Every structure is written in C-alpha cells, then in structure tokens.
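Please find below a short note for a colleague who has not seen this model before. The points are numbered and can be read in order.

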Amino acid sequence: MTQAFIDKVEKYFTQRLGWREVAIIGATKLAGGISRETWRISLTKEGVARDVILRLDPDTSLLEGNRNVEYAVFSAFGTEPGVPVPPMICNEDDPSYLGAAFMASGMVPGVADIPAVLAPPFAAAGPRIGREIFRILGLIAMADPARLGLDKVLAPTTAEHAWSDALGYWEGM
C-alpha cells in the first residue's frame, strides 16, 4: 500500500466519516478475501488504537460477489447472538475515494488464517473449532432472512428450493 493510498484512506475516514484525530500506523495485505483485495489498516482514532478491515472491489474477478449484499448480510447478522460478525463501518459505492468501491469493518477477535489454525497451539483444538464452525453455520442457516431485513437484498427461496436456486445461478455463469 503506497503512502498516497494511505493518505486517501485517512482522508476518507476523517472527511467522509467524520472521524477525528485519525493516524494510520500501518497496513497489511491479508490472505484470503478471494473476491476482494483485503487489508488490515492499523490506526489510531482520537488516540485509541484499532484495526480496520478494508475490502476493495476488484476490477475483474473469477468469483462474482456483490459487496452490497455482503455488507447487508454482515450488518444483519451483527445483531444475532452467537454469530461472530465484525462491526460494520461503511459501504462505499463511489470509487473516486480510493480507486475502487469498498467496505470497511472492525475485526472479530481470534485467528482466521487456516495454516495458523492447523498449527500449534490451535491444532489440538481442531475438533472443537470444527464443531463451533458448524454451530455458527447452523445459526446462520436457521435465521429468517425477512426478520433480518435481508429479503430486501436477497431473492426469496425456500428450504426445499435453496439448493436448486443456487445451482441454477452457478450454471448460468
């Protein structure tokens, strides 16, 4: 990440979001985030250190992803007990600020890097981590999209048709 880009990020947070006393300490490109370029931005806001995750839309991608839907889903599940979702900060459609549309969020504490999870000291907890992942996926699967307001951004489906709706979508790609 160039200094010019860091300056743009800092300017966005202060001028567009109204944050005060923002200073970017560093930026680290994160692995994963297959559909978007993902950065951890370490900064101080009013003297308090925090990390922000910045996910930038790509020019092109092998995987189609809708950032607005992703943001809506993260925001909706942020109110659901038991589903670890970062606090969402902003969803910006205007690419003029950073050169691409993007969204920003806080961070969920913990480790998400697969190689790190498979190595000590986490390796021994693998079965417990696996159960926790599927418990969370179960909570997500059981959630009522309409109750979460997601019926405004997702096409309606039923449990009986969800698989064929998804298959039809991907076959059409």
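1. The side chains of Arg55 and Glu70 form a salt bridge, with N to O at 2.9 Å (a salt bridge is a side-chain nitrogen of Lys or Arg within 4 Å of a carboxyl oxygen of Asp or Glu). Arg55 belongs to strand 3 and Glu70 to helix 2 (residues 67–77), so the pair ties together parts 15 residues apart in sequence. Arg55 is buried, at 14% relative accessible area, and Glu70 is buried as well, at 17%. Here buried means under 20% relative accessible area, exposed over 50%, and partly exposed in between, with a 1.4 Å probe and protein chains only. Salt bridges with shared partners join Arg36, Arg55, Asp57, Arg67, Glu70 and Asp93 into one network.

2. On sources: this is a predicted model, in which local features need pLDDT of at least 70 and side-chain atom pairs count only at pLDDT 80 or more, while totals for chains, interfaces and linings use all residues. Residues are numbered from 1 along each chain as its sequence is written, and side-chain values use heavy atoms, with hydrogens and water left out.

3. The chain has five helices and five strands, in the order α-β-β-β-α-β-β-α-α-α from the N terminus. These elements are DSSP runs numbered from the N terminus: helices are H or I with at least four residues, strands are E with at least two. The C-alpha trace spans about 50 × 40 × 30 Å along its principal axes. Of the 173 residues in the chain, 27% are buried.

4. By the rule in point 1, the count is 10 salt bridges. One of them joins the side chains of Arg16 and Glu92 at 3.0 Å, N to O. This pair links distant parts of the chain, since Arg16 is in helix 1 and Glu92 in strand 4 (residues 88–92), 76 residues apart. Which partner is buried? Glu92 is, with a relative accessible area of 5%, whereas Arg16 is partly exposed at 45%.

5. Arg20 and Glu46 also meet through their side chains in a salt bridge (3.5 Å, N to O). Arg20 sits in the loop between helix 1 and strand 1, and Glu46 in the loop between strand 2 and strand 3, so the pair ties together parts that are 26 residues apart in sequence. Arg20 is exposed at 52% relative accessible area, and Glu46 is partly exposed at 40%.

6. Some backbone values deserve a check. Most residues other than glycine have a negative phi, and most peptide bonds are trans. Glu46 has a positive phi, near 55°, and Glu21 has a positive phi, near 50°. Glu21 is in the loop between helix 1 (3–16) and strand 1 (22–29) and is exposed, at 60% relative accessibility. The peptide bond from Pro120 to Pro121 is cis, with omega near 5°; Pro121 lies in the loop between helix 3 (114–117) and helix 4.

7. Ser105 lies in strand 5 (residues 102–105) and is buried, with a relative accessible area of 7%. Beyond its neighbours within four places in sequence, its contacts (heavy atoms within 4.5 Å) include Asp51, Val52, Ile53, Pro86 and Met88.

8. Ile133 lies in helix 4 (residues 126–142) and is partly exposed, with a relative accessible area of 43%.
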